[in-house]
Amino acid sequence: MMRGMISKLIHRALLNTFPFEKMASDVTTAERSRRKLVVGLGNPGMKGSRHSVGMAVITALAERLGVTDQWRTDRRLSGDVIVSVYQDTQLVLLRPKLLMNVNGVSVVKAASKFSVQPEHIVLVHDELDKPLGKLGIKNGGSARGHNGVRSCVDCLQSDVMPRLRIGIGRPSGKTSVDRHVLGRFSKEEQDILNSVLEQSVDLLLTHLTASQLQIPPPGGSRTPHRSKERTPPVQETVEGQTQK
């Protein structure tokens, strides 16, 4: 409870530090519906860690789109941003430069600046309850204990945001959860991760450009959600390595 109160105070302080920016008011509803904000949750400066795998996916997405040289740091958003186009969809890619527990501050600032509604924000993050090699789309709902997602829900005051959850598996033996998620992928895991990143980008692009997104109503956690899960071919091998 105390940790939650402290997080809310930090959120409030950070949100009050910078004024929100909005795009021109002549942006039409149709244009807004074709704009998606894709966020890679993680910790800045911790490239290669399990907890920052969401950022690795966003980086891979930028590479697929051929826009890796377009990353720009926006101090007002507290993050790195790229604005690109894929088919008829305008994509705003965001890598927050705040700690995971307050990633939502960067997300809500970007959503305000680019006039993106919560249902058009896709959060990409690590998932303890999936083994490495397994991923899936979850259409809104509770944060399920993920601090970065909880920060986004608190700041956006909505839980309808779709999430691409990338499995990292739970720690084995006596390794603590904190040490596991903040640790770097092993060499063996990195080989598997390369395939996961590729398939994550495939799934993201399919989801982002779908003609009709399955958007949950406000208060998405009150409605049962089914995840669209995809298992890369390497999953069987990974499960044998990561599970008892």
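Predicted model: local features only at pLDDT ≥ 70, side-chain atom pairs only at ≥ 80, totals over all residues.
The chain has 244 residues, of which 52% are buried, and its secondary structure comes to eight helices and eight strands. If we take the contacts between residues at least 6 apart in sequence, 76% of them join residues at least 24 apart. The accessible surface is about 12600 Å², and carbon and sulfur atoms account for 49% of that surface.

Now let us turn to the helices. Two packed helices are described by the angle between their axes and the distance between the axes. For α3, residues 53-65, and α7, residues 187-208, the axes come within 9 Å and cross at roughly 70 degrees, which means that α3 is roughly perpendicular to α7. The crossing of α3 past α7 is right-handed. On the α3 side the contact includes Val53, Ala56 and Leu61, while on the α7 side the residues include Leu193, Ser200 and Asp202.

Finally, which residues have a positive phi although they are not glycine? One of them is Gln87, with a phi of about 55 degrees, and Gln87 sits in the loop between β3 (79-86) and β4 (89-96), where it is exposed at 55% relative accessibility. Another is Gln157, whose phi is near 55 degrees; Gln157 belongs to the loop between α5 (147-156) and β7 (162-167), and with a relative accessible area of 74% Gln157 is exposed.

Notes. Residues numbered from 1 in each chain as written. Heavy atoms only, no water. Helix = DSSP H or I, 4+ residues; strand = E, 2+ residues; numbered from the N terminus. Buried < 20%, exposed > 50% of the residue type's maximum accessible area, 1.4 Å probe, protein only. Contact = heavy atoms within 4.5 Å. Areas by Shrake-Rupley, 256 points an atom, 1.4 Å probe, with all protein chains shown as cover. Axes fitted to C-alpha atoms, helices over the stretch in contact; angles between N-to-C directions. Parallel < 35°, antiparallel > 145°, perpendicular 65-115°, else oblique. Left-handed = near helix turned anticlockwise from the far one by under 90°.
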